[in-house]
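Here is a short briefing to read beside the model. Please keep the sequence and the 3D view open as you go.

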Amino acid sequence: MMAGPRTHRAVVAVAVGAALLAGCSDGKVSAVPELPASTCFGAFTPTELAPFMGTGEEVRVAAPADARLTAGRKSAICNIYVDGKTRFFASAERLPQGQHFSWAPAVDEQKPEPLPFAENSKLWDSGVAIFLSCNGPTEAFELKLWLDGSTEQIKQEERRPLFTGLMKKYLDFARQQTGCGA
């Protein structure tokens, strides 16, 4: 039995509809999400953080307006989420002078190297951290700075240089914000 023109059109319509639905789900291509003008305490520009964002629909930045740390405000944390997943993390933590700091074993497993501009620092493929002593306006303290990001969309050879540049900028910013060296 042969299908008539009406049956043939119905089969084609179902096939086209199925193809359109498939294109709207698994094959959907997301755009690079747009970051707000000021991110992570105002320390970084959207252009500087764009390599970490990947693709997605919704960006949410969870951070205080600044990273001014005092004896009463010990830390500032910034998380940038894309579609609910952390894509970039920055923190600054003020610790009492002389407090011992040890690196987490997970950092040492990443084959870190020191930064050329910071004595107590470690740089690895998905992050960088510095621990330094500061003379503040009223007292001395220790400062721990940490940057971490999602790097699967960044070429291997570009990761460490990217984190090095960001930490150099963040170190200068954090010193000013926290009064380190004042």
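Helices (H or I, at least four residues) and strands (E, at least two) are DSSP runs, numbered from the N terminus. This is a predicted model, in which local features need pLDDT of at least 70 and side-chain atom pairs count only at pLDDT 80 or more, while totals for chains, interfaces and linings use all residues. Residues are numbered from 1 along each chain as its sequence is written, and side-chain values use heavy atoms, with hydrogens and water left out.

**The loop between α1 and α2**

- T39 lies in the loop between α1 and α2.
- T39 is buried, at a relative accessible area of 1%; buried means under 20% relative accessible area, exposed over 50% and partly exposed in between (1.4 Å probe, protein chains only).
- Once neighbours within four places in sequence are set aside, T39 is in contact with F44, T45, L49, V61 and I80, where contact means heavy atoms within 4.5 Å.
- C40 is also placed in the loop between α1 and α2, and its relative accessibility of 1% makes C40 count as buried.
- Most residues other than glycine have a negative phi.
- C40 is not a glycine, yet its phi is positive, at about 50 degrees.
- F41, a residue other than glycine, has a positive phi as well, near 70 degrees.

**Disulfides**

- How many disulfides does the structure hold? There are two, a disulfide being a pair of cysteine sulfur atoms within 2.5 Å.
- Another disulfide joins C134 to C180, with S to S at 2.0 Å.
- The torsion about the S-S bond of C134 and C180 is about -85 degrees, so this disulfide is left-handed.
- C134 lies in strand β5 and C180 in the segment after α4, so the pair ties together parts that are 46 residues apart in sequence.
- C134 and C180 are both buried.
- Counting bonded cysteines along the chain, the disulfides follow the pattern 1-2, 3-4.

**Aromatic pairs and charges over rings**

- A search of the whole structure turns up six aromatic pairs. Rings of Phe, Tyr and Trp (its six-membered ring) pair if their centres lie within 6.5 Å; planes under 30 degrees apart count as stacked, over 60 as edge-to-face and the rest as tilted.
- F41 and Y170 form a stacked pair, 6.5 Å centre to centre with 15 degrees between the planes.
- F41 lies in the loop between α1 (5–24) and α2 (46–53) and Y170 in helix α4 (residues 156–178), so the pair ties together parts that are 129 residues apart in sequence.
- F41 counts as buried at 5% relative accessibility, and Y170 is buried at 0%.
- F44 and F88 form an edge-to-face pair, 5.8 Å centre to centre with 80 degrees between the planes.
- F44 lies in the loop between α1 and α2 and F88 in strand β3 (residues 85–96), so this pair ties together parts that are 44 residues apart in sequence.
- F44 is buried, with a relative accessible area of 3%, and F88 counts as buried at 0%.
- Which residues form one aromatic cluster? They are F41, F44, F52, F88, F163 and Y170.
- R94 lies over the face of F141, at 4.0 Å from the ring centre. A charge sits over a ring if NZ of Lys or CZ of Arg is within 6 Å of the ring centre and within 35 degrees of the ring normal.
- K168 has its charged end over the ring of F117, 4.8 Å from the centre.

- Buried residues of α4 include R159, R160, F163, T164 and Y170.
- The buried residues of α4 pack against α2, β3, β4 (121–124), β5 (127–135) and β6 (140–149).
- L123 is found in strand β4, and L123 counts as buried at 3% relative accessibility.
- Beyond its neighbours within four places in sequence, L123 has contacts that include R160, F163 and T164.
- Just after α4, G179 takes a positive phi of about 80 degrees.
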